[in-house]
Structure formats: structure tokens, C-alpha cells
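I opened a new notebook page for this structure. My plan is to look at how parts of it pack and how its chains meet.

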Amino acid sequence: MNEAFYESILSGKHMMFWFESIGRESIIKAILFRPTSEPDTYKMLLGDLDPDGSINVESRSNNGDTEKVLSIAARSIVFFLSDHPEAKVVIEASTESRARLYQIAIGREMEDLGNYLNILGFHGEKPEAFQSGKNYKKIIVSLKTDQLNF
Amino acid sequence: METKIKNEKRSVSDWFTSEKLEEFRPTIEAAAQEKVDRLVAAWTPEFRAALRKLREGRIENRS
């Protein structure tokens with residue numbers, strides 16, 4: 001995995017991660033989990049970090065390493081939830097193409113983590129259990145509470 | 001050709017350090033929170049109701 005991502009895992013309470021996207025160019029990506037007005041509900045942001053500290057969530061860098069970026073993003077959710085077991089993480093796709101990328105990445109991680117994660121997809125306002133191959137505008141990820149008894 | 005590609009790559013090593021990111025953390029988090037607040041304001045009552053049901057354990061995931 002990415003050395004910078006390891007550094008960010010060790011830093012803070014897993015509310016912010018960063019890593020280097022290395023493809024056609026080198027781009028610093030940041031993943032943030034921010035609280036919302038809903039209790040125990042956090043929104044995940046993924047974007048490019050600029051040297052002035054601003055984060056661009058709209059950019060389409062087309063850097064040639066999308067799969068790696070999404071895999072790191074999915075892992076960051078797990079690290080975040082390990083520190084915030086009550087949290088519900090909302091992921092919103094800004095475009096149809098991003099919705100497709102998110103469903104591919106989450107579907108892949110489900111193979112490893114599906115037993116531990118509760119993943120709901122939203123078609124409009126109606127929630128359903130996440131299904132690989134279906135695009136959702138919104139996705140909510142949380143820990144399965146029955147997996148928390150060690 | 002290789003030289004051209006190298007020249008086009010952005011250099012991040014001059015600013016990307018953990019210390020620099022920690023310095024920027026408050027700015028980054030504030031900017032992110034502003035974006036989140038704007039996006040969350042657009043959530044519908046139906047979506048908020050679904051979130052509430054999920055918190056209360058009234059939505060079951062059978063996956």
C-alpha cells in the first residue's frame with residue numbers, strides 16, 4: 001500500500017487520511033470523514049489536496065490508478081469505523097460514472113469485509129441491501145453490531 | 001518522450017510532508033466541513049428518516 005497512507009493511519013483518530021496517487025502524475029489525495037447534523041452520521045469526502053490546503057472533490061484527475069485510489073478509500077472506511085463503531089458513513093456519488101466506480105470498489109471490498117459491514121444502497125430515497133452491479137446515488141456503510149462481540 | 005513525461009509530472013515532494021499536512025489540517029477540515037454542510041442541507045426528509053430508522057435498528061441488511 002501507499003507509504004503516505006500508512007503515515008495517515010498512524011496519525012489522529014482516523015478522521016482524515018492522505019495518500020499519493022501515482023499515475024500519469026503525482027497527486028495528493030485526501031479522504032475526510034466529517035460529522036453531519038444527523039447523530040452518529042458522517043459524510044465521507046474524497047478529493048485532491050492542493051498545496052494551499054484546499055480540497056477539490058469535483059476534480060477528475062484521470063490519473064490511471066483509479067482502482068488503487070478506490071481500494072484505499074474503502075480501507076479508510078474500515079479504519080474510521082474501527083475508531084467510531086457507532087458511525088454511519090454516507091457516501092454520495094456526484095455523477096453517474098462515480099456511482100459506478102463506487103459500486104465496483106465497495107462490491108470488491110464486500111468479498112473480504114461483507115460479514116462485518118452493513119451496506120445499504122439508495123435508489124432515490126428507498127434503501128436496500130447493497131448489491132454488486134447496481135449503481136446507487138447514496139450508500140451508507142456501518143459496522144454490523146452483531147460482529148462487535150469479541 | 002520520457003523526459004517530456006517527467007517534466008509534465010507535478011512535483012509534490014517539496015510540499016507534501018506529514019508535518020505540512022498537520023499544519024494544514026484545520027484549514028482542510030474546515031473546508032471539508034463547509035462542503036459537507038452544504039451537501040447535507042440537500043438531504044431530503046425521506047433520506048433523514050431512513051437514517052433514523054437505521055440508527056434505531058429498524059432497517060435490516062440481509063446481504
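**Helix packing in chain A**

From α2(A), the residues in contact are Thr66(A), Glu67(A), Leu70(A), Ser71(A), Ala74(A), Arg75(A) and Val78(A). Their partners in α3(A) are Leu101(A), Tyr102(A), Ala105(A), Arg108(A), Glu109(A) and Leu113(A). I sorted this contact of α2(A) with α3(A) by class and got seven nonpolar, two polar and four charged residues.

I note here that the model is predicted.

Next I looked up the geometry. Helix α2 of chain A spans residues 66-83, and helix α3 of chain A spans residues 96-113. Their axes lie 9 Å apart, and the packing angle is about 55°.

I then turned to the interface. The area buried between the two chains is about 3800 Å². Carbon and sulfur atoms give 66% of that area.

Which residues of chain A lose the most area to chain B? I found Arg34(A), Glu38(A) and Glu125(A). Together they make up 14% of what the chain A side buries.

**Salt bridges**

How many salt bridges are there between chain A and chain B? The count is three. Over all chains, the count comes to ten.

I looked at two pairs by name. Glu38(A) and Arg48(B) form a salt bridge through their side chains, at 2.9 Å from N to O. Glu38(A) was also on my list of residues that lose the most area to chain B.

The other pair is Glu29(B) with Arg34(A), a side-chain salt bridge at 3.9 Å from N to O. Glu29(B) sits in helix α2 of chain B (residues 18-40) and Arg34(A) in strand β2 of chain A (residues 26-35), so this pair joins two chains.

Key
Residues numbered from 1 in each chain as written. Chains lettered and ligands numbered in written order. Predicted model: local features only at pLDDT ≥ 70, side-chain atom pairs only at ≥ 80, totals over all residues. Heavy atoms only, no water. Axes fitted to C-alpha atoms, helices over the stretch in contact; angles between N-to-C directions. Helix = DSSP H or I, 4+ residues; strand = E, 2+ residues; numbered from the N terminus. Contact = heavy atoms within 4.5 Å. Nonpolar A, V, L, I, M, F, W, Y, C, P; charged D, E, K, R; others polar. Buried area = accessible area lost by both parts, 1.4 Å probe. Salt bridge = Lys/Arg side-chain N within 4 Å of Asp/Glu carboxyl O.
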